[in-house]
Amino acid sequence: MDPQSPHLLYFSRLDGHVGRTDTRAPNTVDIFQLSEKKIGGFSLNPSCPHFIATASLDRTMRIWDLRKLSGRKGAQLPALCGEHESRLSVSHAAFNSAGQVATASYDDTIKIHSFEGMSGWSPGRDLTQKEMAPSAVIRHNNQTGRWVTILRAQWQLHPSDNVQRFCIGNMNRFVDIYTSKGEQLAQLGGEGITAVPAVAQFHPTNDWVAAGTASGKLCLWM
């Protein structure tokens with residue numbers, strides 16, 4: 001969902017397409033082919049929702065600008081600002097309001113990419129390899145296997161102390177909390193957790209974390 005226009009809904013497909021539809025006109029759908037392979041996760045910049053970050057089975061994290069479209073009608077593409085390639089597939093890319101993107105990939109890393117001043121970027125700005133390089137790399141076991149939901153970093157939307165932080169499930173039945181600099185703030189657990197809390201989410205403003213497991217449990221830390 002577009003954080004500034006809640007009637008705009010975005011979705012991805014298994015064939016590398018991302019779509020956009022307006023709930024006020026449900027028969028109107030824009031489809032963009034942003035990868036030749038599956039896009040496992042994507043997100044919009046909360047402050048500048050015309051920027052979208054995609055993570056794909058083709059091992060890339062890409063930044064797109066929806067303000068600048070090219071191509072014929074029905075086959076248009078947003079401008080590709082830049083891409084970063086990992087050693088193995090990238091399963092998710094999460095934007096925060098400060099213009100930072102956290103990715104989780106099957107090379108057992110969490111990468112944080114920092115993009116400054118995005119609100120002042122001209123449409124379709126071309127980023128250099130240096131600008132696309134991660135500002136922090138965290139070693140993290142992301143081998144979920146067949147039965148565990150893919151691990152995804154999720155930022156706190158409005159941190160009260162302005163410290164950008166995210167949570168992500170841990171294969172050892174914890175939830176890890178990191179800052180945008182890659183520093184670990186906490187590791188949340190409990191005796192009653194018998195499965196991996198793979199799906200974790202921060203409260204938008206309070207330092208509360210909820211996580212769900214495949215065994216049907218909802219875990220809450222306050």
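This is a predicted model: local features need pLDDT of at least 70, side-chain atom pairs count only at pLDDT 80 or more; totals for chains, interfaces and linings use all residues.
Residues are numbered from 1 along each chain as its sequence is written, and side-chain values use heavy atoms, without hydrogens or water. Local features need pLDDT of at least 70 and side-chain atom pairs pLDDT 80 or more, whereas totals for chains, interfaces and linings use all residues.

The protein chain has 1 helix and 18 strands (DSSP runs of H or I, at least four residues, and of E, at least two, numbered from the N terminus). Of its 222 residues, 48% are buried (under 20% relative accessible area, 1.4 Å probe, protein chains only). The C-alpha atoms fill a box of roughly 55 × 35 × 35 Å along the principal axes.

His-140 lies in the loop between β11 (136–139) and β12 (154–155). Its relative accessibility is 6%, so His-140 counts as buried. The side chains of His-140 and Asn-142 are joined by a polar contact of 2.9 Å. Such a contact is a pair of N or O atoms within 3.5 Å; within protein, one must be able to donate a hydrogen and the other to accept it, and residues adjacent in sequence count only if both atoms are side-chain atoms. Beyond four places away in sequence, the residues that His-140 touches include Asp-108, Leu-151 and Tyr-178 (heavy atoms within 4.5 Å).

Asn-142 and Leu-151 also line the largest cavity, together with Ser-91, Tyr-106, Thr-144 and Ile-150. On a 1 Å grid over the protein atoms alone, a cavity is a set of points where a 1.4 Å probe fits but cannot get out, and lining residues have an atom within 4 Å of a point.

Methods: Buried means under 20% relative accessible area, exposed over 50%, partly exposed in between (1.4 Å probe, protein chains only). On a 1 Å grid over the protein atoms alone, a cavity is a set of points where a 1.4 Å probe fits but cannot get out, and a pocket is an open set with protein on both sides within 12 Å along at least five of seven lines; lining residues have an atom within 4 Å of a point.
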